[in-house]
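Q: Could you walk me through this one? I have not looked at it before, and I would like to take it piece by piece.
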Amino acid sequence: MSKPISEQVDIALIGAGIMSATLGTFLKELEPSLNIAVFERLNDCAQESSHPWNNAGTGHAANCEMNYTPPNPDGTVDISKALEVNTEFDLSRQLWSYLVTKGKIKDPRDFIHPCPHMSFVWGEDNVKFLKQRYQQMSAHHCYHNMEYSDDPKQINEWAPLIMEGRDPKEAIAVTRVNTGADVDYGALTHLLMAQLSEQSGFSVHYKHEVIDVKKAADGRWNIEVKNLLTHEKTITSAKFVFVGAGGRAIELLQKSGIPEGKGYGGFPVSGIWLRCDNEEIASRHHAKVYGKADKGSPPMSVPHLDTRIIGGKRSLLFGPYAGFSSKFLKHGSYLDLFESVKLNNLEPMLAVAKDNWSLAEYLVGQVLQTSAHQFAMLQQFYPEAQHEDWKEVVAGQRVQIIKPDHDKKGVLEFGTELITSADKSFTVLMGASPGASTAAFIALNVLKTCFAEQLNSDGWEARLKDIIPTYGIDLKVDAKACLDIRAATAKVLKLDN
């Protein structure tokens with residue numbers, strides 16, 4: 001990078017999705033004088049994983065996703081992961097409520113709508129599992145309002161489409177949390193970017209691709225950016241860099257050369273949804289209904305029939321059907337996976353390939369599925385579904401983390417992870433679900449890890465408590481704080497409580 005520096009900023013955010021928008025929002029609220037630049041290679045924000053049709057928009061509160069509550073050998077259920085995700089979503093609700101109260105988001109209905117979350121199972125063993133799960137979860141204050149039913153009449157009232165045409169002798173059960181939400185993360189990202197763009201010291205550069213990032217002798221980061229319209233290349237110097245670029249994160253982590261990123265790789269998983277825009281049908285289903293993944297299939301394969309409200313219009317989404325593509329982004333290259341293989345991550349990637357044949361077989365099986373197979377899966381949820389009411393849409397790409405491991409040489413992770421340089425000046429978000437729903441939690445982790453000094457001495461912590469009133473309180477333990485903040489945020493966000 002021998003070019004002269006054309007711009008100096010405090011913070012560079014790479015990728016204009018929900019993650020950069022959320023972290024940028026926190027930083028400007030805590031320190032309005034910060035100079036922040038965002039770089040995005042596409043022509044708008046939220047065009048990849050944050051796009052409403054590229055994700056399930058569940059407002060992941062771990063109410064209905066059974067992969068967060070695995071069974072124990074003794075027949076009980078482990079609800080610890082569910083409780084973590086459940087209370088992480090409370091942080092997002094607090095951030096959004098703060099922005100609505102401050103007038104920075106005019107109307108919460110522009111991005112969030114009340115929508116019950118349901119878990120739905122069939123078969124005696126699954127019914128037994130769901131009942132045990134309900135008993136344990138409803139005993140905890142975080143899930144005090146969870147309801148259970150194995151009565152077809154009651155289930156029909158809650159979600160008529162899943163009952164019509166079903167064999168009355170079939171053993172079925174559901175749980176319902178009435179306080180769930182449907183979130184349009186694309187709309188939310190646009191709202192966050194709009195309020196940021198009105199502030200001085202904030203700039204967003206669309207059609208600008210980051211092609212290299214290197215640590216300079218003065219400890220700052222030199223970011224080489226290519227203007228995709230003029231093909232001009234420039235250098236931006238930044239004190240701190242956050243990479244929230246989805247599938248491109250692995251490439252930029254490698255280019256940074258930070259030792260903490262050695263051995264990391266990515267495994268892409270594509271997806272397909274079935275979508276119904278017939279308002280007559282969509283208006284009869286008001287819930288997100290999650291099923292149970294088949295034994296041995298990965299978390300991203302959990303089938304669900306979702307109410308989606310996008311741009312004020314109600315639709316239904318069913319899936320996802322997992323698949324394989326070597327692209328790391330929907331708007332990426334088929335060479336992405338192959339170009340990500342380096343000498344330092346070859347061993348972890350080979351170890352993961354050896355240990356995950358079942359996942360490979362599963363994905364190949366999904367790719368080879370006919371549309372008849374896919375439709376038969378929808379009819380397990382909605383027996384009277386008709387082909388002509390549904391169309392196929394391609395979901396966003398998800399890149400699962402491959403990380404180095406002392407014992408196994410490499411492991412495949414299905415969550416999200418922050419990889420940060422030793423001097424805390426560079427951090428990369430890797431991974432996928434629950435992603436968008438826990439963006440506030442992830443941003444707070446960035447602040448705690450990389451801005452500890454400012455939190456402790458610059459008065460940031462007091463300001464942070466204005467934004468997140470329960471900051472420093474464990475909502476899994478403090479029942480009063482948990483229930484109080486849920487009532488307060490429900491009121492501001494126009495949700496059910």
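A: Let us begin with a term we will need: a residue is called buried under 20% relative accessible area, exposed over 50%, and partly exposed in between. Please also keep in mind that this is a predicted model.

Q: What about E209 and R248, are they buried or exposed?
A: E209 counts as buried at 19% relative accessibility, and R248 counts as buried at 10%. Salt bridges that share partners also join D182, K288, D306 and R308 into one network.

Q: How do the side chains of E209 and R248 meet?
A: They meet in a salt bridge, 3.5 Å from N to O. E209 belongs to strand β9, while R248 is in the loop between β11 and α7 (249–256), 39 residues apart.

Q: Switching to helices: how do α1 and α6 cross?
A: The axes of α1 and helix α6 (residues 185–197) come within 9 Å and cross at roughly 35°, and the crossing is left-handed. The contact is made by residues including I18, A21 and T22 of α1 and Y185, L188 and T189 of α6. The residues of this contact divide into seven nonpolar, five polar and two charged.

Q: Where is S20, and what does S20 touch?
A: S20 lies in helix α1 (residues 18–30). Leaving aside residues up to four places away in sequence, S20 touches L13, I14, G15, F242 and G244. The side chain of S20 reaches the backbone oxygen of G15 at 2.6 Å, and S20 counts as buried at 1% relative accessibility.

Q: Which loop holds A46, and what is its phi?
A: A46 is found in the loop between β2 (36–39) and α2 (80–101), and the phi of A46 is near 55°, a positive value in a residue other than glycine. A46 is buried, with a relative accessible area of 3%.

Q: And what is the phi of K207?
A: The phi of K207 is near 55°, again a positive value in a residue other than glycine. K207 is found in the loop between β8 (202–205) and β9 (208–215), and K207 counts as partly exposed at 29% relative accessibility.

Q: Last one: is G165 buried or exposed, and what does G165 touch?
A: G165 is exposed, with a relative accessible area of 60%, and has its place in the loop between α5 (160–163) and β6 (172–177). Not counting residues up to four places away in sequence, G165 touches P383 and E384. The C-alpha atoms of G165 and A385 are separated by 9.7 Å, with the two residues 220 residues apart along the chain.

Notes:
Residues numbered from 1 in each chain as written. Predicted model: local features only at pLDDT ≥ 70, side-chain atom pairs only at ≥ 80, totals over all residues. Heavy atoms only, no water. Helix = DSSP H or I, 4+ residues; strand = E, 2+ residues; numbered from the N terminus. Buried < 20%, exposed > 50% of the residue type's maximum accessible area, 1.4 Å probe, protein only. Polar contact = N/O pair within 3.5 Å; in protein donor to acceptor, adjacent residues only side chain to side chain. Contact = heavy atoms within 4.5 Å. Axes fitted to C-alpha atoms, helices over the stretch in contact; angles between N-to-C directions. Left-handed = near helix turned anticlockwise from the far one by under 90°. Nonpolar A, V, L, I, M, F, W, Y, C, P; charged D, E, K, R; others polar. Salt bridge = Lys/Arg side-chain N within 4 Å of Asp/Glu carboxyl O.
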